[in-house]
Amino acid sequence: PTEFDPSRVRREFPILSSRVNGQPLVYLDNAATTQKPRVVIEAISQYYKRYNANVHRAAHALSAQATTAFEQVRRNLAEWIGATSTDELIWTRGTTEAINLVAQSYLRPRLKAGDRILLMECSHHANIVPWQMVAEICGAEIDVLPCADGEIDLELFKRLLSRQPQLAALTHTSNALGSVFPIEQMCALARAAGVPTLVDGAQALPHFDIDLARLNCDFYAFSGHKLFGPTGIGALWARRALLESMPPWQGGGEMIEHVSFAGTRFAGLPFRFEAGTPDISGVIGLGAAIDYLRIQDRESFERHEQQLLQHALACCATLPGFRPLNAGHDRVSLISFLIDGLHPQDIALWLDQQGIAVRAGHHCAMPLMSALGIPGSVRASFAFYNTLDEVEKLAQALDQLIRSQHSQISLPQAITADQ
Ligand code: PMP
């Protein structure tokens, strides 16, 4: 029994009552993207219906209204995550663009041949490739902190920090394993060693609140679409002193104060890093998602999600050949697994036929998969709106698939085992 009743919140997410492949949708691909509550869908629709205009050019009423709504979201976000100033919040397309901004504007000008960058083994490609790109240009070296079992060795981390990397790019929560890393401790160690830190929070904020004052990192990146908001919008938080030391990344309108052919004077923070018309409806939709989350009891969400996780692990533990990947001690509600004799893709296909959405593959974490010696896994990732009943449907569908393999009974649609 759970103290939290997901049926109340489920009513607020229109898509959750739909059917897929003739079955009620069981959406367990929340780590890829989350579903949107009605308030988010409505906020975007209201913006386009009632006050669509470009922002920061307030020569008319609609523009003023759009600008006010747009900038209010920045204030709400700052307050929510414990940023001291809205100047430190830059709108980006998502985590990927936020990390690329830091790689190109912060790190690249500082990086010299032979310098080091410290990465984590389980990071998403978004927190690997941008660093590799600047490392290659500048002739820098990359060090990797092992974490394929969902744990890190803080002593080893300290040793890697003592090599004085120009930046440690950390992952708060792994999208492939669900592991939550001790970011507060890691940032404190990095600070003591004089190493700046970037934290990829794409999979953290959807599960728990953060407080930047306590985390004490230098950069924090996240995506709106994983946070029950729209796609195409995310944010970078960065310390003001660092932002002030960084040249603009992209040039264009919105980011200037004065332009002539003799030269350009750039706008102040945060606009200096927001070239071009921003994703106004995206910001407004994200604002509605943040407002939604802020009035919820997120601790009860978290407890419910942990129940989903424990229930999933318990229900699946008895399945023949079920092999969950290790995610360490501290983890969010996500299970990544293999089933002996079945290909992850075939498992996902079978689940899809039952209306159950999961992801199969490398989850944009190929270095992690190769450290584990596997090509990929099946990932079922839960959100607060999932139910214990849905977890049981997942386990039952897996059980049916495994039994059919063992007894050679053919399933309604042919599933081939090739592992
Ligand atoms: N980092 C992590 C941990 C992620 O899970 C993701 C999305 N799967 C990203 C970065 C990239 O986010 P986006 O595609 O929204 O930029």
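User: Which residues line the largest cavity?

Analyst: The general idea is that rolling a probe the size of a water molecule over the atoms shows where empty space is left. Here, a cavity is a set of points on a 1 Å grid over the protein atoms alone where a 1.4 Å probe fits but cannot get out, and lining residues have an atom within 4 Å of a point. In this case the lining is Asn30, Ala31, Thr34, Pro206, His207, Phe228, Ser381, Phe382 and Ala383. This is a predicted model, where local features need pLDDT of at least 70 and side-chain atom pairs count only at pLDDT 80 or more, while totals for chains, interfaces and linings use all residues. Residues are numbered from 1 along each chain as its sequence is written, and side-chain values use heavy atoms, with hydrogens and water left out.

User: How many charged residues does that lining have?

Analyst: None: the largest cavity has 5 nonpolar and 4 polar residues in its lining, and no charged ones. Ala, Val, Leu, Ile, Met, Phe, Trp, Tyr, Cys and Pro count as nonpolar, Asp, Glu, Lys and Arg as charged, and the others, Gly among them, as polar.

User: And what takes up the largest pocket?

Analyst: A pocket is an open set of points with protein on both sides within 12 Å along at least five of seven lines. The ligand takes up the largest one; to sit there, a molecule needs more than half of its atoms within 2 Å of the grid points. The lining of this pocket has 25 residues, with Thr96, His124, Ser223, His225 and Lys226 nearest its centre. By class, that lining splits into 6 nonpolar, 13 polar and 6 charged residues.

User: Where is the cis peptide bond?

Analyst: Most residues other than glycine have a negative phi, and most peptide bonds are trans. The cis bond here joins leucine 269 and proline 270, with omega about 0°. Asparagine 21 isn't a glycine, yet has a positive phi of about 50°.
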